[in-house]
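Please look over the sequence and the model that follow, and then read on for a guided walk through some of their features.

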Amino acid sequence: MFRRVFPLPGGWSPSFSGWEGGEILARTMECGYLGTALAGWLLACLLGGGGLPGQPPAPSLGRLALEARSGDPARREAALKALLARGEEGRRVLEEVLRERTGKVRSGLRLLLASGSFRRARSRLWRELLERRKKALEWILDPRSFRKGYGIREMLDRVGKVRELWEKPEVFLRKELKRLGGILEEAGRISRWARAAGGPAGSGLEEECVARIRKAAALEEAGIGKAQVRWNQEVLAWNEKDAPTSADSEEMLVMRSANQYRLMMGMRALEVDERIVRAARKHSIEMAEMGYFSHTSPVKAHADFASRMRQEGYSGPLAENIALARDGRRAFRAWFLSAGHHRNMLLARATAFGVGRSRGRDGSFLWTMNLGAGDSLRGRTLEDPSLLYLQKRRRIGPGDAKAHLALAKWCLAKKLVREMCDQCRAALRIDPSLEEARRLLARRFDLKKR
């Protein structure tokens, strides 16, 4: 049983149950034309339409769709809210409206990014970035201003101002271009409504617009020549895909962080060089095993970082950083806050680097970073089987057991027994049914004796 309250003139609001209303409806229809009209009103009330004759009915989905396309923001938002409350049909109309608005936002942003007004705003952004970068580097590279225990707060402030523009250029550009601010606000509204409706249409529009603006801002090209832009692109691609390296994820994190910082400060990216990685890691291992923390080794054969790098086949040693830290993020932060180590990471002459770590006696890690400007592995035909193995290993896709097995056979031919075992185990983790990998593993003891 349900009850309805019917508002009438004079403030009188009679309440009827469903059965009572049905009886009244039947008797009213017997009263001629006027009774039929009143019966229609009563039927609308009983079914939820509500209201007196002459009051506007609930807007249709078509009407709400038109309101949602209105130029008045208040009417538009009210219509979207009403559509969201109208169940599945309302949500479908809402998604259609959002798709149309998404298309308009994308079109408007595309035209704006291709306009002369955007190019002029980007020029002003570049000039501001170069000015902030210059002030930061003047402080960092001056040993009287930024030295051990002094000048850290000023350094953080100046670098922070560079980072503001580098990481969020859209904040600066929307102040310069009112149209851009309007587009981003509209994209944000569409994204919020799309997420509220639970549909994919427009849900990531704001992030998409920000990504397109950052790409168009092209801050990685600000203040440097085309040759350096090309160098940076090639080196970063090499580091992530083709560089033969044994660096683990934490060691790579430190090197990525250092390169990102160098790019922000207008320096060229550094190549990951396995020879330098090995020199750095061996020094970290020795510090952990012999219980010391110093750039100078007690072992005369490799007392300084230059000799350690040359022993690994690298010809142009420049500098070394060491740190004691639990993870890569903290290691980079320690060097960033130390004047001498900070300047090492920004060496203009450097072209390559490597990072290696080893677990110390207390559970934390000892870290070493070496930087150099010697001969490059990039673009060379590698002859060292251990380097070729690392390069081939990086090119194996995830879950490809056959590729791991093929690399294991290659290692067997090159007499890389430990590497062969690693690849057999990797293949068996993916596909335990590979009997050939098991047979190769069974031969490891005989191969080691040879």
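In this predicted model, four helices each supply at least two residues of the lining of the largest pocket, namely helix 7 (152-167), helix 11 (226-242), helix 12 (249-264) and helix 15 (328-336). Helix 12 gives the most to this lining, with nine residues. The volume of the largest pocket is about 510 Å³, and of the 23 residues that line the pocket, the closest to its centre are Trp-166, Leu-236, Asn-259, Gln-260 and Leu-263.

A pocket is open, whereas a cavity is a space in which a probe fits but cannot get out. Rolling a probe the size of a water molecule over the atoms shows where empty space is left. Counted in this way, the model has one cavity of 30 Å³ or more, and the volume of the largest cavity is about 50 Å³. Its lining is made up of Arg-133, Trp-166, Leu-219, Glu-220, Ala-222, Ile-224, Asn-232, Leu-263, Gly-266 and Met-267, and these residues divide into six nonpolar, two polar and two charged. Trp-166 and Leu-263, which are named among the residues closest to the centre of the largest pocket, also line the largest cavity.

We can now turn to the sheet. Strands of a sheet pair through backbone hydrogen bonds, either parallel or antiparallel. Here four strands form an open sheet in the order 3-5-6-4, and the pairing is mixed. Strand 3 (271-272) and strand 4 (317-325) stand at the edges, where each has a single partner strand, so one side of each is left without a neighbour in the sheet.

Glu-271 has Ala-352 of strand 5 as its bridge partner, while Val-272 stands opposite Phe-353 in strand 5. How much of strand 5 is buried? Seven of its eight residues are buried, so strand 5 is largely enclosed by the rest of the structure.

The next step leads from strand 5 to strand 6, and these two strands run antiparallel, joined by eight bridges. Within this pairing, Gly-354 stands opposite Asn-370, and Gly-356 stands opposite Thr-368. Strand 5 and strand 6 form a hairpin with five residues between them, and in the turn Gly-363 has a positive phi of about 100 degrees.

Strand 6 (365-372) is mostly covered, since eight of its eight residues are buried. Phe-365, Trp-367, Met-369 and Leu-371 point one way from strand 6, whereas Leu-366, Thr-368, Asn-370 and Gly-372 point the other way, and all are buried. Strand 6 also pairs with strand 4 in the antiparallel sense, over eight bridges, and in this pairing Ala-323 stands opposite Trp-367.

Helix 12 brings the two parts of this walk together. The helix that gives the most to the lining of the largest pocket also lies across strand 3, strand 5 and strand 6, running at about 145 degrees to strand 5.

Technical notes: Residues numbered from 1 in each chain as written. Predicted model: local features only at pLDDT ≥ 70, side-chain atom pairs only at ≥ 80, totals over all residues. Heavy atoms only, no water. 1 Å grid on protein atoms, 1.4 Å probe; cavity = no way out; pocket = protein on both sides within 12 Å on 5 of 7 lines; lining within 4 Å. Points joined across faces, edges and corners; volume = space filled by probe spheres on them. Nonpolar A, V, L, I, M, F, W, Y, C, P; charged D, E, K, R; others polar. Pairing = 2+ DSSP bridges. Contact = heavy atoms within 4.5 Å. Axes fitted to C-alpha atoms, helices over the stretch in contact; angles between N-to-C directions. Buried < 20%, exposed > 50% of the residue type's maximum accessible area, 1.4 Å probe, protein only.
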